[in-house]
Amino acid sequence: MTQKSMSKEEYLNKVKDLDTTSEAPKVLEDTDFLTIAKERRSVRQYDPDYKINESEIRELLETAMLAPSSSNLQPWRFLVIEDQKEKERLSPIANGQQQITEASVVIAVLGDKKAYKNADQIYSQIAEKGNMPEDVKEMYVNSILENYGNFPEAKLTRIAMIDGGLVAMQLMLAAKAKGYDTVPMGGYDEAEFVKAFDVPEDYEPVMLISLGKGTKAGFEKTRLPLDDVVRWNHY
């Protein structure tokens with residue numbers, strides 16, 4: 001007898017029922033990187049009354065933006081959704097996941113597929129700091145405009161998604177270091193999100209991240225054995 005599969009909404013919301021964790025997220029006394037990486041969890045239950053102020057959100061985003069990117073083009077873009085009415089408008093697009101409306105903010109990480117057009121601005125800043133001669137800057141900018149400008153759409157999208165993933169992970173680790181919790185989400189209707197929130201056509205949705213003060217620690221991490229995923233030198 002074939003078992004009936006769950007709908008996407010049922011699947012995404014069943015997680016909170018399966019989570020039998022009773023403790024609150026751990027308050028970290030040691031915020032060195034290895035501790036942060038080990039203790040970060042995907043938290044889906046938040047204190048809906050806790051608000052993170054704008055200056056803290058800005059600090060977290062500025063830390064996240066220290067992540068590396070292809071040719072330093074920094075294609076990440078962020079839509080910070082903190083208004084409760086806007087979070088409620090987002091909720092059905094994200095299959096009613098409770099963290100959408102309960103977390104302090106939802107940050108949509110987007111990738112600009114045409115970020116290469118900012119090459120002159122970025123490399124001019126580098127040259128102005130004395131870290132690159134002007135003639136070398138011009139060479140870099142011209143090469144970027146020529147190469148990236150001729151990349152197919154699929155490659156530009158891939159670059160935006162990879163760099164968006166890097167900045168998203170850095171954001172989640174920065175949040176944990178500051179005593180906050182997060183959960184990355186891909187379970188939403190991307191096309192409807194783009195339409196509802198007027199996302200520019202050159203921006204590729206990477207993920208949504210709920211950010212706030214968690215009330216339950218979330219699932220303890222379970223990972224495949226290292227030797228199942230690592231090979232040395234060749235396959």
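The predicted model contains an open sheet of 4 strands in the order 1-2-4-3, paired in the antiparallel sense, where helices (H or I, at least four residues) and strands (E, at least two) are DSSP runs numbered from the N terminus, and two strands count as paired if DSSP finds at least two bridges between them. Strand 1 (76-81) and strand 3 (181-185) form the edges, each pairing on one side only, and the twist averages 25° from one strand to the next. Residues are numbered from 1 along each chain as its sequence is written. Because this is a predicted model, local features need pLDDT of at least 70 and side-chain atom pairs count only at pLDDT 80 or more, while totals for chains, interfaces and linings use all residues, and side-chain values use heavy atoms, with hydrogens and water left out.

Strand 4 (residues 203-212) pairs with strand 3 in the antiparallel sense over 5 bridges, and V183 stands opposite S210 of strand 4. Strand 2 is also antiparallel to strand 4, the two being joined by 8 bridges, with P205 of strand 4 as the bridge partner of L110. Strand 4 is mostly covered, since 9 of its 10 residues are buried, buried meaning under 20% relative accessible area, exposed over 50% and partly exposed in between, with a 1.4 Å probe and protein chains only.

The largest nonpolar core has 21 residues, of which L60, V109, L171, I209 and L211 touch the most other members; a nonpolar core is a set of buried Ala, Val, Leu, Ile, Met, Phe, Trp, Tyr and Cys residues joined through side-chain atoms within 4.5 Å. Helix 3, strand 2, helix 8 and strand 4 each supply at least two residues of this core, and helix 8 gives the largest share, 6 residues. A second, separate core of 18 residues includes I81, I100, A108 and Y188.

Terms used: Axes fitted to C-alpha atoms, helices over the stretch in contact; angles between N-to-C directions.
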